[in-house]
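Here's a quick briefing to read alongside the structure. Keep the 3D view open and follow the points one by one.

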Amino acid sequence: MAATAKRGAAQLPRLPPELWDRIFELATHVPYTLVPDIFEKSIFIGSIYNRESHPKLRAALVTKRYLVRVCRQWWHMAIRHLYRAIYIGRARSLTSLCNTLEKYAAGKGTIAGAEPLGQWTQRLDIAIRDNPVRLDMDSSIQYCANLITRLPNLAIFSIRMLFVVAPAPLPSILNALRYSASSIRVLDWTTVPMAPQPCEFVELVRSLPRLHTFHCAHLRWDPEKFPTSILSSLNTLALNRGPAGLEKNHLAESDSAQTQINLRKVVLDSSWSVDVWEEFMSSYGTFITSVQILAYRSTTPQLNNYLDMVSRLCPHVLQMTILVGVFSCMSFVNAPLPPVEYLGFMSQIFQETRTAYRRLFSNLAIFKEKVPTLRVVQFLDWHNVQCLLTRHSQVVLHALEHEFAGSDLRIVDHEGNLLSERLVTV
């Protein structure tokens, strides 16, 4: 029996390393989290995107840790997957991670002959959620800065620290990011209170020649500080608000004819007066093809003012997403509407009433009638979709059979599936 077992083991096929690498990739892949796939979600970079991607990244990290512990051979094949996307959720993991990267960078790692592990890292998410009373913030931030300097090929950097107490040494992180200046494509910065100072951010952005997406919820656009040249690479911009008290001609003058503007997507917070974006959009709106309007705390007139601005100043816009506190703040009856092909929306209230959904579909019918170019309407949030299909499926059915009967409009869920097909499976 022992001889039979031994002969059977010897006959097992040996897979080439390239095939194992592909298997590990399939086992740990998280869609839209690495370059270039993440660019498809660039307009959602921030809290919405993180809420969806972070749990998946953490789950994939667990799987990767199991893979590298199987044996030494698997360690060598899977280690690049383990370090490809680093997620920091607790400050206590910073010390050991920094020490590991430093040892391997110096050729003194546990596995002899292994290459520096930091070279594999394409993405770093810092989302420290420790109790701020027990956290040594200064020390943690310095560890973060040291960590970044060990990641020469970093392409995506996201930091979300909601308990930063000024004056924390956050500028050290900005300085560290310059070590990866040539490779950084996505920069997502969310800290409260706002730090570092705007001028320090400007200096960093100026040093990132390939920056594609820039999200900073507490920074405003200042044409006197932000050079127009950064818009030659920047595709997606999500800031707090536009410039203050500037003449339209001032922006136009700063837009040198020698600069090829690559900006295509912009996020607008409608809780501010539309005037704070009017000047910016007057100069760059003609380049915009995708707009997201944050209307969490906005009234219907405020939202409509932004729709009017987009209609007037963005003649080439094709996609628009509207994020609201409640669906009832959307009313397209008297609203000027841009000629988009795609409309996406979500509500912070996960369980809206039947009346609210009826009104929503009536508004969508008005939108379709006023904007014949509209081809796709998408519910962006899973919770809204579940509420609609499980509690108000009759509202959907009535809308499809009446308001949209015979229409070529595609009404889809958060994953792109037709609601009409989803109703069959409910």
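Predicted model: local features only at pLDDT ≥ 70, side-chain atom pairs only at ≥ 80, totals over all residues.

**The overall picture**
- You'll find 15 helices and twelve strands in the chain.
- The chain has 426 residues, and 50% of them are buried.
- Take the contacts between residues at least 6 apart in sequence: 74% of these join residues at least 24 apart.

- Head for the loop between helix 2 (17-28) and helix 3 (47-68), which is where proline 36 lies.
- Valine 35 and proline 36 are joined by a cis peptide bond, with omega at about 5 degrees.
- Tyrosine 32 has its place in the loop between helix 2 and helix 3 too.
- Tyrosine 32 isn't a glycine, yet its phi is positive, near 60 degrees.
- What makes these worth a look is that most residues other than glycine have a negative phi, and most peptide bonds are trans.
- Tyrosine 32 counts as partly exposed because its relative accessible area is 33%, which falls between the 20% and 50% cut-offs.

- Leu15, Leu19 and Ile23 make a nonpolar surface patch of about 220 Å².
- One of these residues, isoleucine 23, sits in helix 2.
- With a relative accessible area of 35%, isoleucine 23 is partly exposed, and patch residues need over 30%, so isoleucine 23 clears that cut-off.

How values were computed: Residues numbered from 1 in each chain as written. Heavy atoms only, no water. Helix = DSSP H or I, 4+ residues; strand = E, 2+ residues; numbered from the N terminus. Buried < 20%, exposed > 50% of the residue type's maximum accessible area, 1.4 Å probe, protein only. Contact = heavy atoms within 4.5 Å. Patch = residues over 30% accessible without salt bridge, like charges linked within 9 Å, V, L, I, M, F, W, Y side chains within 5 Å. Areas by Shrake-Rupley, 256 points an atom, 1.4 Å probe, with all protein chains shown as cover. Salt bridge = Lys/Arg side-chain N within 4 Å of Asp/Glu carboxyl O.
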